[in-house]
Amino acid sequence: MIANDQELNATLARIAWFQQQAAGLREAETNPANYRAAVSGFLAEIDRMQLAVREYLSVLPSERGAA
Amino acid sequence: MTLPAFNSEGNLPPGVYRATLAETLTRFGHGSIQRQAVADRLSRIYELAASTEQVARFVVFGSFVTTKEEPNDVDVVLLMEDAFDVSRVSGEAALVFRHMEAEARFGASIFWTRRSGALGGEQAMMGYWQVRRDGGIRGIVEIVPEVT
């Protein structure tokens with residue numbers, strides 16, 4: 001769970017890195033089975049982080065402070 | 001390399017520290033029942049990955065290599081040799097390379113790629129896993145074979 005804006009920025013940077021890794025794998029990997037298996041981990045983590053970002057951004061800072 | 005002491009945050013200092021599985025389990029595998037269970041999972045994952053004879057590098061990161069009393073799971077990143085073909089791996093070992101199934105079966109978050117797929121090269125790719133989810137940096141452990 002993202003607790004503050006610092007963690008939000010860190011998560012956004014992490015998402016970008018994972019996306020770059022997935023894109024790089026797509027370029028470098030020639031074996032379809034290897035690609036599907038390897039990229040699935042990165043894509044799953046991107047999904048998890050995107051959900052955390054959505055949850056954080058869904059709440060106003062004032063609401064978060066009052067919670 | 002001797003594994004360093006934890007810092008004041010309960011993490012290893014930044015760096016990639018090489019240790020055998022036995023050394024890693026000795027240092028991190030004791031304490032709560034949960035920690036011991038996670039250590040057992042790590043041992044099994046290592047054994048299964050090693051059975052492919054295609055592991056170039058095996059790195060453990062995340063809360064298992066910290067002072068956290070009850071780590072939820074074990075986080076692993078594997079670099080496989082470029083000759084590795086996952087379709088030739090069968091049985092329980094194959095689950096290591098399927099992220100969601102590894103999570104369900106081993107309680108582990110496992111990432112992997114072949115050496116040629118490492119973003120920015122091997123060292124950069126391995127070093128990245130020191131970055132915590134909050135953006136901070138903490139040390140990680142590369143498990144290396146016993147010297148015979």
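In this predicted model, the side chains of A:Glu29 and B:Arg114 meet in a salt bridge, with 2.5 Å from N to O. The pair joins two chains, because A:Glu29 lies in the loop between α1 and α2 of chain A, whereas B:Arg114 belongs to strand β4 (residues 108-114) of chain B. Both A:Glu29 and B:Arg114 are buried. Between chain A and chain B the count is two salt bridges, and over all chains it comes to 16.

**A:Glu45 and B:Arg133**

- A:Glu45 also forms a salt bridge with B:Arg133, and their closest N and O atoms are 3.3 Å apart.
- The position of A:Glu45 is in helix α2 of chain A.
- With a relative accessible area of 4%, A:Glu45 falls under the 20% limit and is therefore buried.
- When neighbours within four places in sequence are left aside, A:Glu45 is in contact with A:Arg14 and A:Phe18 from chain A, and with B:Phe111 and B:Arg133 from chain B.

**Interface of chain A and chain B**

- In total, 24 residues of chain A are in contact with 23 residues of chain B.
- The two chains bury about 2,000 Å² between them, and carbon and sulfur atoms give 57% of this area.
- On the side of chain A, the residues that lose the most area to chain B are A:Arg14, A:Trp17 and A:Asn34, which together account for 29% of what that side buries.
- Eight residue pairs are in polar contact across the interface, with both residues at pLDDT 80 or more.
- The elements that give two or more residues to the side of chain A touching chain B are α1 and α2 of chain A.
- Of these elements, α1(A) gives the most, with eleven residues.

- Over all chains, the count comes to 19 aromatic pairs.
- One of them is the tilted pair of A:Phe18 and A:Phe42, with 5.7 Å centre to centre and 55 degrees between the planes.
- This pair links distant parts of the chain, 24 residues apart: A:Phe18 is in helix α1 (residues 5-28) and A:Phe42 in helix α2 (residues 32-57) of chain A.
- Both A:Phe18 and A:Phe42 are buried.
- A:Phe42 also pairs with B:Trp129; the ring centres are 6.4 Å apart and the planes are at 50 degrees, so this pair is tilted.
- The pair crosses between chains, from helix α2 of chain A to the loop between α5 (122-128) and β5 (140-143) of chain B, where B:Trp129 is located.
- Like A:Phe42, B:Trp129 is buried.
- One aromatic cluster is formed by A:Trp17, A:Phe18 and A:Phe42 together with B:Phe61, B:Phe111, B:Tyr128 and B:Trp129.

**Charged groups within chain B**

- B:Arg115 and B:Glu81 meet through their side chains in a salt bridge, at 3.0 Å from N to O.
- The two residues are 34 residues apart and link distant parts of the chain: B:Arg115 is in the loop between β4 and α5, and B:Glu81 in the loop between β3 (74-80) and α3 (92-96) of chain B.
- B:Arg115 counts as partly exposed at 29% relative accessibility, and B:Glu81 counts as partly exposed at 29% as well.
- B:Arg115 forms a further salt bridge with B:Glu122, with 2.5 Å between the closest N and O atoms.
- B:Glu122 is partly exposed, at a relative accessible area of 22%.
- A network of salt bridges links B:Arg18, B:Arg57, B:Glu81, B:Arg115, B:Glu122 and B:Glu142.
- Elsewhere in chain B, B:Arg27 lies over the face of B:Phe6, at 4.4 Å from the ring centre.

Key:
Residues numbered from 1 in each chain as written. Chains lettered and ligands numbered in written order. Predicted model: local features only at pLDDT ≥ 70, side-chain atom pairs only at ≥ 80, totals over all residues. Heavy atoms only, no water. Phe/Tyr/Trp six-rings, centres within 6.5 Å; stacked < 30°, edge-to-face > 60°. Helix = DSSP H or I, 4+ residues; strand = E, 2+ residues; numbered from the N terminus. Buried < 20%, exposed > 50% of the residue type's maximum accessible area, 1.4 Å probe, protein only. Lys NZ or Arg CZ within 6 Å of the ring centre and 35° of its normal. Contact = heavy atoms within 4.5 Å. Buried area = accessible area lost by both parts, 1.4 Å probe. Salt bridge = Lys/Arg side-chain N within 4 Å of Asp/Glu carboxyl O. Polar contact = N/O pair within 3.5 Å; in protein donor to acceptor, adjacent residues only side chain to side chain.
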